[in-house]
Amino acid sequence: MGLALDTAAVVLVVLLWELARPTLERALRHGRELWAAHRRGRAPEGYDPGRERRAEQRARALLRSCVSERDWAMYRDLGFLRVWGGLGDHGRGSGAAYAYLIYPHKPIVAYVPQTGELLNEYCVAFPDHSKPYGSSRLPDSDDVLAKWMALSADERRLVGEANMHLPGRQVDPDRVRRDIARLRRWEQQLEREPIHLGRRDRAQGQDPDNIRAA
Amino acid sequence: MKLLRMKPGHGEIVLAEGDVAVPEQERELIEAFRRELDAGMWAAVPTEAPGGRREAELVKSFDDVPRDAERVIFFPRAAGGAPAATR
């Protein structure tokens with residue numbers, strides 16, 4: 001009797017195992033897939049965390065090769081470029097009636113250099129719709145260079161393409177005023193000691209293309 | 001002469017390089033130039049004005065590129081935009 005009950009119990013266990021096995025196997029497989037997807041999510045295949053930094057380094061080297069040494073130093077030290085306006089009666093240059101501040105991935109800000117009065121913001125972007133690396137955004141310094149080239153080559157065309165707004169729409173006017181004051185101080189220092197242009201590069205003993213803008 | 005293109009996530013890449021005085025190389029430069037313009041790119045030639053002032057010139061055809069230019073830089077055409085608030 002006992003032997004019969006033991007045998008029946010063993011048969012029952014085997015039957016239950018055979019019934020449950022496909023479900024257990026599916027659950028196990030699903031769990032493995034979820035874990036693999038989770039790991040891919042944390043570190044996508046082919047993801048290179050240094051890519052954006054290297055792209056920015058290349059962009060900074062290109063910008064530096066295109067603008068004057070003074071403009072490069074301005075961007076390196078202050079994080080923006082000043083371009084004189086060329087459409088007024090006074091022509092382009094330090095006597096121009098207005099000037100622009102070019103920030104990376106922010107609107108171009110027009111202002112009056114003599115008074116510091118802010119005039120307009122020009123919202124303009126250079127989206128690369130081919131999105132070769134999943135983003136349409138150029139590196140910061142490429143964005144600055146694109147704005148600089150377009151402004152210095154055909155100011156009217158760039159301004160025509162941009163959306164014009166009153167100051168303060170995108171860029172904090174207080175920040176712009178502070179930047180104008182920083183620029184004034186920077187230029188005064190440059191006049192006192194012209195060697196200031198390349199000083200930081202040498203002092204830090206590193207490739208200036210690798211120095212982040214302030 | 002080098003034809004460079006700005007690329008998101010990469011910086012500039014060299015599209016073509018050659019000597020405009022060599023007909024075969026000039027043809028390759030012209031083809032690459034047209035491809036980029038057809039793709040909607042703007043082309044600029046960095047220049048140095050008398051007195052050392054750096055400028056750039058936008059060009060719409062290869063004929064407009066100075067023969068002695070070292071580089072032509074292509075970048076996406078400008079579009080009016082209002083990027084996400086950055087204040």
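Q: When are two residues in contact, and what share of the contacts in chain B with a separation of 6 or more comes from residues 24 or more positions apart?
A: Two residues are in contact if their C-beta atoms, placed from the backbone, lie within 7 Å. In this model, which is predicted, residues 24 or more positions apart make up 44% of those contacts in chain B that have a separation of 6 or more.

Q: Which helices and strands does chain B have, and in what pattern do they follow one another?
A: Chain B contains one helix and six strands, and along the sequence these elements come in the pattern β-β-α-β-β-β-β. The C-alpha atoms of chain B fill a box of roughly 50 × 35 × 20 Å along the principal axes, and 30% of the 87 residues of the chain count as buried.

Q: In what order do the strands of the open sheet in chain B stand?
A: As a general idea, strands of a sheet pair through backbone hydrogen bonds, either parallel or antiparallel. In chain B, five strands form an open sheet in the order β2-β1-β5-β3-β4, with mixed pairing. Its edge strands are β2 (11–17) and β4 (54–59) of chain B, each of which pairs on one side only. Neighbouring strands of this sheet are turned by 30° against each other on average, with direction ignored.

Q: How many bridges join strand β3 to strand β5 of chain B?
A: Strand β3 (residues 41–48) and strand β5 (residues 71–76) of chain B run antiparallel and are joined by four bridges, and B:Ala43 of chain B stands opposite B:Phe74 in β5(B).

Q: Which strands of chain B does helix α2 of chain A touch?
A: Helix α2 (residues 51–66) of chain A packs on the sheet and touches β2, β3 and β4 of chain B, its direction making about 65° with that of β2(B). Helix α4 (residues 140–161) of chain A lies across β1 (2–7), β2, β3, β4 and β5 of chain B, and runs at about 80° to β4(B).

Q: How many residues of chain A are in contact with chain B, and which element supplies the largest share?
A: In chain A, 39 residues are in contact with 28 residues of chain B. On the side of chain A that touches chain B, α2, β4 (118–125) and α4 of chain A each supply at least two residues, and the largest share, nine residues, comes from α4(A). By class, this side of chain A has 21 nonpolar, seven polar and eleven charged residues.

Q: Which strand of chain B pairs with β4(A)?
A: Strand β6 (residues 79–80) of chain B pairs with β4(A) in the antiparallel sense over two bridges, and A:Val124 stands opposite B:Gly80 in β6(B).

Key
Residues numbered from 1 in each chain as written. Chains lettered and ligands numbered in written order. Predicted model: local features only at pLDDT ≥ 70, side-chain atom pairs only at ≥ 80, totals over all residues. Buried ≥ 20, exposed ≤ 12 C-beta atoms within 10 Å, placed from the backbone. Pairing = 2+ DSSP bridges. Axes fitted to C-alpha atoms, helices over the stretch in contact; angles between N-to-C directions. Nonpolar A, V, L, I, M, F, W, Y, C, P; charged D, E, K, R; others polar.
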